[in-house]
Amino acid sequence: MTNTETRCGFCAIIGAPNAGKSTLVNALAGAKVSIVSHKVQTTRSRLRAIVIAGASQIVFVDTPGIFKPKRTLDEAMVEGAWSGASEADAVVLLADVRKGLNDEVLAIIEGLRKYGIQAFLALNKIDLVKAETLLDLARTFNEAFAFRETFMISALNKSGIDRLKDKIAGLMPAGPWLYAEDQIADVPLRFIAAETTREKVYERLHEELPYSSTVETENWEERKDGSVRIDQVIYVERESQRKIVLGKNGQTIKALGQAARLDLEKALERRVHLFLFVKVRENWAKDPERLRMMGLLD
């Protein structure tokens with residue numbers, strides 16, 4: 001396939017927290033490249049999933065949810081979301097049909113106007129409401145903003161996403177592909193491994209430890225037998241949180257490690273030796289260097 005026949009570009013998925021952006025990106029990629037959690041604001045960095053649709057290579061950017069920031073980390077996440085949208089060749093506003101056109105979505109629409117961004121509308125989780133409700137909702141959204149086109153989808157069930165993907169593919173600018181045909185994400189394996197463990201922390205400790213932790217992969221050692229040793233540190237802000245992650249007699253961190261290791265072995269298709277450590281780093285969420293490492297600051 002020659003360069004003149006190919007297309008390649010970026011599409012940003014924006015929306016309120018928990019609208020289903022990560023689920024949609026994973027469904028489009030056909031693999032798990034982004035952390036999915038029932039907790040809001042779990043996507044912190046701009047993750048890129050690479051999708052092939054005919055002659056087009058689409059780089060879908062899973063942006064952090066756009067919300068009213070309260071902390072330095074929040075501000076960086078929201079700024080990262082708008083930065084990703086402003087630089088993209090196409091933008092999709094993903095909205096949860098159960099929440100409708102609420103204040104969070106209205107604020108995002110105001111942002112689209114402010115930045116002069118054209119956007120498609122994807123109404124997500126359509127399997128959870130009646131058809132007549134969807135039609136009324138689509139009308140309400142399009143009265144609030146002149147969307148380029150509206151799509152009805154269920155990211156979880158993968159309903160309607162092929163039509164959305166094909167539409168985006170046709171809008172990508174002509175040019176050579178930026179990534180190998182078999183590459184599904186533009187993030188280092190170290191980062192994906194850290195996100196896998198962070199997801200397990202959210203799943204198990206979302207009540208006791210909502211947003212006070214992050215995970216970093218400190219060592220990645222390829223072994224002669226084809227396996228890999230991965231050393232990771234779970235950073236928390238207080239000693240009391242460190243004890244929560246460790247659990248009684250280390251049982252909690254052991255369970256976290258086992259769950260993360262199984263997911264990593266499935267993703268990497270080889271044996272994984274995962275070693276987890278917990279350290280206290282006060283105010284890590286305000287540290288500019290930490291935010292840069294997470295891709296939230298230039």
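This is a predicted model: local features need pLDDT of at least 70, side-chain atom pairs count only at pLDDT 80 or more; totals for chains, interfaces and linings use all residues.
The largest nonpolar core comprises 25 residues, and the members that touch the most others are Cys11, Ile13, Leu24, Ile58, Phe60, Val92 and Ile168. At least two residues of this core come from each of strands E1 (7–15), E2 (47–53), E3 (56–62), E4 (90–96) and E5 (120–124), and from each of helices H1 (21–29) and H5 (161–171). Helix H1 makes the greatest contribution to this core, namely five residues. Apart from this core lies another, of 24 residues, which includes Ala12, Val105, Leu121 and Ala144. When neighbours within four places in sequence are set aside, Ile168 is in contact with Cys11, Ile58, Phe60, Ala90, Val92 and Phe120.

Cys11 counts as buried because its relative accessibility is 0%, below the 20% limit for burial. Cys8 is likewise classed as buried, since its relative accessibility is 9%. A disulfide is a covalent bond between the sulfur atoms of two cysteines.

The largest cavity holds about 60 Å³ of space. Its lining consists of Ala16, Pro17, Asn18, Ala19, Leu94, Ala95, Asp96, Lys99, Gly100, Asn102, Glu104 and Val105. Strand E4 and helix H3 (103–115) are the elements that supply two or more residues to this lining, and E4 gives the most, with three residues. By class, the lining of the largest cavity contains six nonpolar, three polar and three charged residues.

Key. Residues are numbered from 1 along each chain as its sequence is written. Side-chain values use heavy atoms; hydrogens and water are left out. A nonpolar core is a set of buried Ala, Val, Leu, Ile, Met, Phe, Trp, Tyr and Cys residues joined through side-chain atoms within 4.5 Å. Buried means under 20% relative accessible area, exposed over 50%, partly exposed in between (1.4 Å probe, protein chains only). Helices (H or I, at least four residues) and strands (E, at least two) are DSSP runs, numbered from the N terminus. Contact means heavy atoms within 4.5 Å. On a 1 Å grid over the protein atoms alone, a cavity is a set of points where a 1.4 Å probe fits but cannot get out, and a pocket is an open set with protein on both sides within 12 Å along at least five of seven lines; lining residues have an atom within 4 Å of a point. Grid points are joined across faces, edges and corners, and a volume is the space filled by probe spheres set on the points. Ala, Val, Leu, Ile, Met, Phe, Trp, Tyr, Cys and Pro count as nonpolar, Asp, Glu, Lys and Arg as charged, and the others, Gly among them, as polar.
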